[in-house]
Amino acid sequence: MLGKSKAFADVIFPPRGKILIETMANVGIVYFMFLVGVGMDATSLRRIGSKAVAIAVVGMILPFTIGALFSVYLIKFDEQSERSAASILFIGSILSVAAFPVLARILAELKLINSDLGKIALSSALVNDLISCVLLVLSINLVEHNSEASLSLLSTFLASGGFVVFNIFVVRPGILWMIRKTPEGEAFSDLFMCIILSGVMISGFITDFIGTHAVFGAFVFGLTIPNGPIGLSIVERLEDFITLLLLPLFFASNGLKTDLGLLKGLYTWSILIILVILACIGKIIGTIAAAFYYQISVRDGAALGLLMNTKGVIEVIVISVGKDQKVLPLALLLPLHTSLLLNCLQVLTSESFASLMLLTVLMTAVIVPGMSFIYKPSRGIIPYKRRTIQMSYRETEFRVLVCIHTPRNVPTMIGLLDATSPSKNSPICIYLLHLTELSGHASALLILHNHTKKPDQPACNKTLAQTEHIVNAFQNYEQEASYVSVQPSTVISPYSTMHEDVCNLAQEKRVAFIILPFHKHQTVDGEMESTNISFRTVNLNVLCKAPCSVGILVDRGLSVFTHLAPDQKSHNVAVLFFGGPHDREALSYAWRMLERPGINLTVMRFVHAEEVMHHHSDPNPHESKLLTVETDMETEKKLDERFINWFRTEHEDNDSVVYVEKMVNNGEQTVSAIRSMDDIHDLFIIGRGQGNKSPLTAGLTDWSECHELGAIGDLLASSDFAATASVLIVQQYLGEGMEEDGLETDQEEPCWSQMSHANLEEKASTHILESTYYGIV
């Protein structure tokens, strides 16, 4: 917009400056297309199914036809039939193609990139990009077909095919040789980087000489780069320079060429809007038709069609190339009598350029709002009831989402899972999630790992080396253990939004328990030292938003049974029970562990010495509120009493279970009782606590550093607590939004406080009956 001011343009964009900007912009788009090729996995082309291909092709037919018809009836062609055919192909491809890189970022923003819908959309967009590349090459050659300096159409395609073959069988083996010559974990030499970057320019020169365009050669050369160490190294070195400097110059150059003032009159704007609407609807209808054939719902098909309308940087590059190669029609969207009055070819081409630029922007602008209206991710997720350990069937698969930050978390986490008693009747399905911070300007991503190990590909950096170590450790445990399955994946996202990926995966997989590592680790001298304060942010957010129960594991070591000597195959576990839903969930987890031979469980229940509530007989304006609180506490006590009685009845003859009751009056006596326990326990399991409303922990929260652990959890996780036992702090899922209160304030949990006394009694009885039916209580 500022460039349209002559005074501003003469100062900021003088004629000589425009030449320099265009030169740097052309270099920028060549290297940007190279980075796009590097970012794509060429091997994924072999995994694209017929569904994605059919959706891509069928979804392109209708908008391509619409674009072709508009090219025929609304474009004034000159006498060259080649230019007419080229314009039809060009306009049709612009309207029908989808932008793979931009679509990947949109799906990541919508948290759909790892859904079935997102995978189909990405695969179809990749096919669309390849088809558009072919159509662009065909359009350019149709224009230059009669030129003496250009090769014939057939020879151009043959030469382009030969260039692709050369990259596959000559260039790619050379890149693999560079990888083998680089020691594992070390950066690639500057010589190798210079060779690769020079190869980009050489590839662009070759394809430009062939008769296609330099961006095609750079893109193919980028696809040749194998995924892994060298690809990430190239992206880390080039991405900031290309995307922050050269690519903005390309947009500035195209902005100077785009003159929206040429789009004059109601007729022109009406045709433009109609074209956008028809192209979007045509893509959606075509995609729905193909999706319906593959038994995809109409709603998902419409959302998929809307996503396939995505346009982006690549389309802008294609339009710019079309303008430079004179593929653009002479006059687009202008009425015929107006076209006859315009004799300047440059003005006509500029009008077409501005029209297509505006088309690209408008079609992309409707994607996110349209997706918000059409597609609701929550609708696609089937609600599940077994969101807690207490409510899980004993005879069904126990699903756990295990989050790992560093390899330091792995041994104790595996030891805890191994002690959770996987069995034939109740196997454990472990969804392993390596949490990795997003760096650079890439989009958030969830990577699913398969069980196929490729030892010939060394880890390219510290992050990938850690991922490989973590995944291998869990897969080795899966092979050694019985009735355990592991599904590893890696999430790459900012710490501020990482909890969304964790919670979405837990919801999608319908897990009953999420295990997070504590943000501190134990040093050699026994002190607890913070690993990364951002880990605590993730834990807090997951506790607030989790769709199931959550556990935070304080790691002080816990061995796997198979790694212990025959005379040491046992774990001493202690549950500290104060009452409340979180403590009942903690005891439910320990109850499950008792199925494992070698588990010795000590349950220490803390009881307030003054059991009788004193009611004031004097009138009190707050009497109703006090009665509600007392009723709530009494209901929780009934639930605790029935739960404990059931547990003791079930394990009355079990010698590995010890039940102890401690009578205490305040927090100081509670701490003394905990410190007096024998130092033989390997693991403490406790609930997250009940805030300040329990006199058993009164005063302890004033000194807490990590309130998310609760008063007792913070005590056991502190350096002041002289113990070598790991600690698992458990929070039971109480319902949507109920977990947040305990993290933000010390108010009472609002689970049943709004109910009457009769309803509370009914709820308590129902809760016990449901828990009994589900097999734990």
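Colleague: Is Ile281 buried, partly exposed or exposed?

Modeller: This is a predicted model, so the class is computed from its atoms. Ile281 has a relative accessible area of 43%. Buried needs under 20%, and exposed needs over 50%. Because 43% falls in between, Ile281 is partly exposed.

Colleague: Which helix gives the most to the nonpolar patch?

Modeller: Leu62, Ile273, Ile277, Ile281 and Ile285 form the patch on the surface. Together they have about 420 Å² of accessible area. Ile281 lies in helix 11. With four residues, the top contributor is helix 11 (residues 265-293).

Colleague: Is Lys283 buried or exposed?

Modeller: Lys283 also lies in helix 11, like Ile281. Leaving aside neighbours within four places in sequence, its contacts include Gly59, Met60, Pro63, Asn128 and Met308. Its relative accessibility is 1%, and the cut-off is under 20%, so Lys283 is buried.

Colleague: How many of the residues in helix 12 are buried?

Modeller: Helix 12 spans residues 298-307 and is mostly covered. Its buried residues include Gly301, Leu304 and Leu307. One of them, Gly305, is in contact with Lys283. The count for the 10 residues of helix 12 is seven.

Colleague: What separates the C-alpha atoms of Val554 and Ala717?

Modeller: Along the chain, Val554 and Ala717 are 163 residues apart. Even so, they are in contact. Val554 also touches Phe518, Met528, Ser726, Val727 and Ile729. The C-alpha separation is 6.5 Å.

Colleague: Are the rings of Trp177 and Phe192 stacked or edge-to-face?

Modeller: The structure holds nine aromatic pairs, and this is one of them. The ring centres are 6.1 Å apart and the planes stand at 65 degrees. An angle over 60 degrees sets the class, so the pair is edge-to-face.

Colleague: Which helix holds Phe192, and which holds Trp177?

Modeller: The two residues are 15 apart, and their pair links distant parts of the chain. Trp177 is partly exposed, at 42% relative accessible area. Phe192 is buried, at 11%. Phe192 is in helix 8 (residues 190-210), and Trp177 is in helix 7 (residues 153-181).

Colleague: How far apart in sequence are the parts tied together by Arg596 and Asp418?

Modeller: Their side chains meet in a salt bridge, 3.3 Å from N to O. Both residues are buried. Arg596 lies in the loop between helix 21 (581-593) and strand 10 (599-608), and Asp418 lies in helix 17 (residues 410-418). So the pair ties together parts whose separation in sequence is 178 residues.

Colleague: In the salt bridge of Arg536 and Glu708, which residue is buried?

Modeller: The two side chains meet at 3.0 Å, N to O. Arg536 lies in helix 20 (residues 533-545), and Glu708 in the loop between strand 12 (683-687) and helix 24 (710-717). Arg536 counts as partly exposed, at 21% relative accessibility. At 2% relative accessible area, the buried residue is Glu708.

Colleague: How many salt bridges does a search of the whole structure find?

Modeller: One joins Glu397 and Arg399, with the closest N and O atoms 3.0 Å apart. Arg584, Glu636 and Asp640 are linked in a network. The total for the whole structure is 10.

Colleague: What share of the residues in the protein chain is buried?

Modeller: The chain has 26 helices and 13 strands. Of the 777 residues, the buried share is 52%.

Conventions:
Residues are numbered from 1 along each chain as its sequence is written. This is a predicted model: local features need pLDDT of at least 70, side-chain atom pairs count only at pLDDT 80 or more; totals for chains, interfaces and linings use all residues. Side-chain values use heavy atoms; hydrogens and water are left out. Patches are made of residues with over 30% relative accessible area and no salt bridge: like charges are joined within 9 Å, nonpolar side chains (Val, Leu, Ile, Met, Phe, Trp, Tyr) within 5 Å. Accessible areas come from the Shrake-Rupley method with a 1.4 Å probe; for residues, only the protein chains shown count as cover. A salt bridge is a side-chain nitrogen of Lys or Arg within 4 Å of a carboxyl oxygen of Asp or Glu. Buried means under 20% relative accessible area, exposed over 50%, partly exposed in between (1.4 Å probe, protein chains only). Rings of Phe, Tyr and Trp (its six-membered ring) pair if their centres lie within 6.5 Å; planes under 30 degrees apart count as stacked, over 60 as edge-to-face and the rest as tilted. Contact means heavy atoms within 4.5 Å.
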